[in-house]
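Subject: Structure handover

Hello,

Here is the structure you were going to look at, followed by notes on what was found in it. Please read them with the model open.

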Amino acid sequence: MFDLIIQGGDVVTPRGVVRADVAVAGETIAAIAAVGALPVDLATRLIDARDRIVMPGGVDPHVHMHHPWSLPDGTTLTTAGPEQVGRAALHGGTTTLIDFAYWREGATAMQAIESRDKDFIGKSPCDWAYHIMLHSEPRPEFSGQLAEAIQAGYPTLKIFTTNILPSRRGRMIDFGSIWEAFLVFARHGGLGVIHAEDNDIVMHMYAKLIREGRVGFEHLSEVHNQLSEDLSFRRILRLAESVPGTALYMMHVSAGTGVAAIAEARRKGLPIYGETLHQYLGYTAEDYKRPNGQIYHTYPSLKSEADRQALWQGTVDGVIHAVATDELCCSLKDKIAGNRIDDTTGGNSGVEPRLGVMYTEMVTRRGYSLERYVDLVSSNAAKIMGIYPRKGAIAVGSDADITIMDPTRRGTVRAADLHESDYTPWEGHEINAWPTMTILRGKVMVENGRYFAEPTDGRYLKRRMSQDILRGVLP
Ligand SMILES: [Zn+2]
């Protein structure tokens with residue numbers, strides 16, 4: 001009758017933490033009951049979760065897998081794909097990853113999705129989805145394609161307001177085109193996922209620092225600065241306000257100015273959500289000065305200690321809703337190949353330690369409730385991205401994506417113990433919890449470090465935005 005009963009853990013449910021037994025039948029959660037109340041003789045397997053936390057599998061809404069990029073010398077590379085990153089994610093308790101399908105001139109939005117499927121189908125042990133990512137200025141017919149994609153279960157569109165680096169062209173989208181996309185979001189229930197920086201300020205600072213000979217990457221926070229985040233967030237949020245019903249998710253918020261802009265939009269009742277990255281919560285621009293300081297970097301940039309504190313405050317105030325990784329998994333050699341403000345790679349490896357590090361930072365060090373922690377690493381992203389309560393919830397009928405955390409585990413993060421890359425920006429970081437078991441749709445994928453997943457286990461997640469999220473309410 002039941003395939004698994006997870007017994008006696010502290011279960012983080014949408015209604016709070018309860019000590020309970022959780023029964024799984026097939027791929028979904030079949031029952032949550034008082035400890036001992038379920039008929040154990042009807043279960044294929046019993047899992048002892050006493051003194052453990054039973055939480056929904058982590059959801060990382062911002063990763064880049066099998067991603068093409070170039071080293072400063074022009075060598076082109078592809079970053080680690082879903083098989084490697086997914087294995088690391090599962091070892092770290094994350095079961096769902098949301099990546100990007102690159103839409104370029106000459107293809108339709110649906111063709112962009114189909115072409116990206118080749119990198120994932122049969123290769124992803126985690127469940128996954130894509131944001132469609134605009135990679136060139138859309139033609140007028142894109143509005144119709146976007147509406148179709150939203151209806152077909154692909155409701156999120158990534159938009160850049162900057163080319164990020166002087167050498168890149170075509171990524172920045174014109175505000176007229178963004179306005180058109182917002183009209184489609186508002187009409188058809190889409191969500192904009194936004195990389196906002198002020199391109200004028202950023203490119204001005206590149207030119208200025210290059211002129212002054214201050215080109216080391218330790219100056220990145222002067223280029224991708226607080227003013228850029230302030231101006232760009234306020235401009236795009238004002239545009240969203242002008243099209244009632246436009247919902248946006250601001251990716252990798254890095255500065256106090258970004259937090260303030262989102263807070264102001266939310267005070268007006270606008271459906272605006274904020275994401276930050278665990279690097280931005282953990283590190284500041286001072287860390288660029290450490291050996292191999294590039295390993296802490298992702299775009300926009302690390303900022304000051306005051307910014308870091310503002311991001312933390314944002315997680316308390318309901319302004320920062322999700323902690324993602326901006327995963328871009330490569331070797332240390334490739335990560336530190338660039339060392340200038342204009343050739344240092346963004347992205348990072350961090351999908352594996354995310355849950356353990358954030359538990360330590362949030363629950364142990366800052367006293368967050370387990371519910372708030374789970375919201376920030378799983379449930380909120382599932383809600384905002386239109387996969388809740390299938391994902392991000394321990395509830396009857398939800399997918400049985402379950403992570404069992406051991407909060408008595410003490411140790412430090414070592415790249416050598418992880419399954420991600422040959423480096424981690426979290427090397428030596430103290431941890432006070434680590435997953436002992438990760439279950440995806442009822443299948444035990446990782447148990448005490450042993451890996452049972454197959455690259456064919458993952459499934460694509462079609463998504464639909466909830467009315468609450470489109471109204472700005474996190475239920
Ligand atoms: Zn990214």
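At 6% relative accessibility, Asp-326 counts as buried, where buried means under 20% relative accessible area, exposed over 50%, and partly exposed in between, with a 1.4 Å probe and protein chains only. This is a predicted model, in which local features need pLDDT of at least 70 and side-chain atom pairs count only at pLDDT 80 or more, while totals for chains, interfaces and linings use all residues. Residues are numbered from 1 along each chain as its sequence is written, and side-chain values use heavy atoms, with hydrogens and water left out.

Asp-326 sits in the loop between strand E16 (322-324) and strand E17; helices (H or I, at least four residues) and strands (E, at least two) are DSSP runs, numbered from the N terminus. Its phi is near 55 degrees, a positive value in a residue other than glycine. Arg-441 also has a positive phi without being glycine, near 40 degrees. Arg-441 is in the loop between E21 and E22 and counts as buried, at 7% relative accessibility. For background, most residues other than glycine have a negative phi, and most peptide bonds are trans.

One joins Tyr-299 and Pro-300, with omega about 5 degrees; Pro-300 is in the loop between helix H9 (278-282) and helix H10 (305-317). The other runs from Tyr-388 to Pro-389, with omega near 0 degrees, and Pro-389 belongs to the loop between H13 and E18.

**Salt bridges**

The structure holds 31 salt bridges, a salt bridge being a side-chain nitrogen of Lys or Arg within 4 Å of a carboxyl oxygen of Asp or Glu.

Asp-127 pairs with Lys-391, and the closest N and O atoms are 2.7 Å apart. Asp-127 lies in strand E11 (residues 127-134) and Lys-391 in the loop between helix H13 (370-384) and strand E18 (402-406), so this pair ties together parts that are 264 residues apart in sequence. Asp-127 is buried, with a relative accessible area of 0%, and Lys-391 is buried at 1%.

The other two are in helix H7. Arg-234 bridges to Asp-230, with 2.8 Å between the closest N and O atoms. Both residues lie in H7 (residues 226-242), four residues apart, about one turn of the helix. Arg-234 is partly exposed, at 31% relative accessible area. Arg-238 bridges to Glu-241, with the closest N and O atoms 3.1 Å apart. These two are three residues apart in H7, again separated by about one helical turn. Arg-238 counts as exposed at 55% relative accessibility, whereas Glu-241 is partly exposed at 25%. Elsewhere, salt bridges that share partners join Glu-27, Asp-127, Arg-390, Lys-391, Asp-399, Asp-401, Arg-441 and Arg-459 into one network.

**Helices and their surroundings**

How much of helix H1 is covered? Seven of the ten residues of H1 (residues 82-91) are buried: Pro-82, Val-85, Gly-86, Ala-88, Ala-89, Leu-90 and His-91. What covers them includes strands E10 (94-103), E17 (327-328), E21 (434-440), E22 (443-447) and E23 (450-451). Just after H1, Gly-93 takes a positive phi of about 95 degrees.

In helix H2 (residues 109-117), the buried residues are Ala-109, Ala-112, Ile-113, Arg-116 and Asp-117. They cover an arc of only 140 degrees around the axis, which puts them on the same side of H2; the arc is that of the directions from the helix axis to the C-beta atoms. These residues pack against E10, E11 and H3, contact meaning heavy atoms within 4.5 Å.

Helix H3 (residues 142-151) and helix H4 (residues 175-188) have axes that come within 10 Å and cross at roughly 35 degrees. Axes are lines fitted to C-alpha atoms, for helices over the stretch in contact, and angles run from 0 to 180 degrees between N-to-C directions. From H3, the contact is made by Ser-143, Leu-146, Ala-147, Ile-150 and Gln-151, and from H4 by Glu-180, Ala-181, Val-184, Phe-185 and His-188. These divide into six nonpolar, three polar and one charged, with Ala, Val, Leu, Ile, Met, Phe, Trp, Tyr, Cys and Pro counted as nonpolar, Asp, Glu, Lys and Arg as charged, and the others, Gly among them, as polar.

Regards
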